[in-house]
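Subject: Structure handover

Hello,

Here is the structure I promised to pass on. Please open it first, then read my notes below.

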Amino acid sequence: MRFARQKPKKPPQSESLSLAAPVGGLNARDALAAMPPLDAVILDNFFPSTTSVDLRRGFSPWSTGYTDAIESLMTYNSPTTSKLFAASGTSFFDATAGGVVGAAVVTGLANARWQYTNMGTPGGQFLLAVNGADYPEIYTGTVWQKVASVAAQTISTITRAGTLATLTTAAPHGLSTGNYVTVIGTTPAGFSGTYMVTVTGASTFTYVMAADPGANASVVGTYVTIAITGVDPRLLIHVNLYASRVFFIEKDSARFWYLPVNTVTGAALSVDLSPLLSLGGYLMAMATWTIDNAAGVQEYAVFISSEGEVLMYSGTDPAVAANWVKNGRYRIGRPVGRRCFVRVASDVIFLTSDGFLPLSKALLTDRTQQIAISDKINTIVAADLDNYGDNFGWEACLAPVGNKLFVNVPTSYRSPGGGLPSQVQQARQYVMNTITGAWCRYIGWNASTFESMGDELFFASGRRAGAGTAYVAKCEEGFSDNGGYIFGEAKTAFQYFGAPGYEKQITMARPVFKTSGTIRATLAMDMDFADAYPVSAPSFSGTGGTPWNTAPWNTFPWGESGSIKQDWQGVVGVGDTGALHMRVVNNVSALQWQSVQYVFRRGRIL
């Protein structure tokens with residue numbers, strides 16, 4: 001009997017797969033088995049740009065030497081001048097020039113948690129700041145002035161002892177030490193001018209003149225002061241600009257207050273919205289929303305309560321019923337803190353318990369239709385809100401360049417008081433590409449607040465126990481965190497390599513980078529939805545670096561000064577589906593991740 005000769009079985013042929021880097025960004029919403037191939041399970045310190053995934057830039061200290069946590073940064077902008085101020089402890093400091101900070105420009109404050117706005121009036125450009133505890137502060141372009149609570153009173157007498165003038169008013173003046181007055185029309189003229197006052201009595205205050213006028217005032221003239229009347233201005237905790245008016249939110253109240261048109265001072269009027277808040281609570285913030293459509297450009301005043309009720313008005317004068325129209329009442333998630341929104345283009349993004357909601361979506365009638373821009377990361381955002389929602393430091397900031405929206409997450413914070421030092425211990429940021437909507441996470445910036453000045457983005461640090469003084473840092477520059485290393489970690493979406501249900505053996509992987517320096521990376525394959533998080537600590541030495549591990553991942557340094565680095569590395573992975581898990585460390589050069597390629601063999605049906 002003759003038998004047919006059997007041909008030997010051919011070994012499985014190697015196949016390859018190439019995918020772009022995960023420009024779709026971080027995805028914590030979809031099932032691992034159904035995630036789009038260009039999304040990422042982990043994306044820390046890797047920013048998803050439109051064409052690549054880039055290791056984030058670093059930061060360097062800008063203004064240093066603060067002894068207390070910096071909880072507010074404020075920018076003053078006039079047509080000719082920009083200034084950056086830091087609120088630290090009980091004082092304001094000028095951080096514009098950088099370097100070791102000088103003496104405080106404002107002292108004696110209750111806290112450093114200030115909200116502010118810029119406004120131009122016929123009298124100049126002003127920065128107006130409130131905190132719900134102190135008298136508001138106004139920066140005039142040359143000096144900070146404390147806002148008074150009463151208008152100027154009639155002057156009875158002005159006497160002098162050398163250069164010290166004592167001014168007596170016919171009625172109680174209501175000023176506080178630190179207020180400024182401008183005295184006008186005196187004889188001798190040396191009594192006239194703008195001065196900071198020291199209150200010595202209910203109807204008296206003193207100020208220091210440049211020179212001794214030689215005699216008491218024979219003509220006392222008048223004085224003017226920066227004042228907001230009709231309300232105790234110390235109760236004002238939030239400020240917003242709408243329809244050429246300054247609006248304020250009163251602390252722990254459903255009232256808002258507003259000033260006359262084109263001024264930062266004057267008699268304030270109020271509107272009580274409590275009859276419209278069916279859930280109770282108090283007003284948290286006010287935003288200005290601009291809609292540009294076929295009907296033209298329309299601005300709306302939007303008020304949000306602590307319980308997430310939103311009231312929207314159009315018009316320019318709340319005192320005139322025909323010119324102040326309620327356009328809707330809506331409910332969204334509860335806002336997170338006073339700094340709960342940021343303007344992005346014509347829209348307003350609110351930070352809420354429902355995620356990060358654009359106002360254009362938040363005000364849909366059906367709450368189930370409200371789609372957050374954080375939709376892909378809402379599960380981890382919700383966890384952060386549950387764990388850290390009561391911490392001070394939540395805020396959103398739009399970077400002046402780079403198409404990035406930052407949301408600061410204070411993961412550990414100790415408030416001032418109780419004999420304990422104020423300190424931000426840890427923070428991280430969610431960062432969104434404003435063009436594509438893709439998200440990532442930044443680790444390593446322990447920020448308490450963000451602010452921009454010109455084209456530069458800054459963050460302030462809270463003071464940590466054992467970590468020295470607080471500082472203002474310029475960020476999104478350079479390739480290191482104050483000389484330290486930037487650690488990036490990414491895990492791609494799981495891939496079936498074109499053959500779901502078949503066993504695959506992944507043998508090699510090749511991430512393709514564009515970089516001008518030497519980069520070391522460590523790779524692994526996570527198979528069948530496992531998460532083999534590396535346990536060894538990464539290290540980096542000089543420009544060449546040192547590997548994070550040696551087996552089974554191996555290492556592949558790129559040392560030449562080219563543009564594209566694409567070395568194959570052996571990896572080990574057997575299963576139906578796999579994801580590349582990559583970690584890099586760098587402090588010397590830019591790094592753009594372009595794509596990743598795999599070599600694998602297809603096996604049996606599982």
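Let me start with the salt bridges. The model, which is a predicted one, has 21 salt bridges.

One of them joins the side chains of D375 and R29, at 2.6 Å from N to O. D375 is partly exposed, at 29% relative accessible area. R29 is also partly exposed, at 40%. The pair belongs to a network of salt bridges that links R29, D30 and D375.

Two other pairs deserve a look. D232 and R234 meet through their side chains, at 3.0 Å from N to O. D232 is partly exposed, with a relative accessibility of 29%. R234 is partly exposed too, at 34%.

The other pair is E250 and R255, whose closest N and O atoms are 2.7 Å apart. Is E250 buried or exposed? E250 counts as buried, because its relative accessibility is 6% and the cut-off for buried is under 20%.

Next, a sheet. Four strands form an open sheet in the order β15-β16-β20-β19, and the pairing is antiparallel. β15 (155–161) and β19 (198–201) stand at the edges. Each has a single partner strand, so one side of each is left without a neighbour in the sheet. On average, neighbouring strands here are turned by 25° against each other, direction ignored.

Look at the β19 end in particular. β19 pairs with β20 (residues 204–208) in the antiparallel sense, over 3 bridges. In one of the bridges, T198 has T206 of β20 as its partner.

Last, confidence. The protein chain has an average pLDDT of 88. Of the residues, 88% score at least 70. Two stretches need care. Over residues 416–424 the pLDDT is below 50. That stretch has 21 contacts in the model beyond near neighbours in sequence. Residues 535–562 are also below 50. There, the contacts beyond near neighbours in sequence come to 75. Where pLDDT is low, the predicted coordinates should not be read in detail.

Best wishes

Technical notes: Residues are numbered from 1 along each chain as its sequence is written. This is a predicted model: local features need pLDDT of at least 70, side-chain atom pairs count only at pLDDT 80 or more; totals for chains, interfaces and linings use all residues. Side-chain values use heavy atoms; hydrogens and water are left out. Two strands pair if DSSP finds at least two bridges between them. Helices (H or I, at least four residues) and strands (E, at least two) are DSSP runs, numbered from the N terminus. Axes are lines fitted to C-alpha atoms, for helices over the stretch in contact, and angles run from 0 to 180 degrees between N-to-C directions. pLDDT is the predictor's confidence in each residue, from 0 to 100. Contact means heavy atoms within 4.5 Å. A salt bridge is a side-chain nitrogen of Lys or Arg within 4 Å of a carboxyl oxygen of Asp or Glu. Buried means under 20% relative accessible area, exposed over 50%, partly exposed in between (1.4 Å probe, protein chains only).
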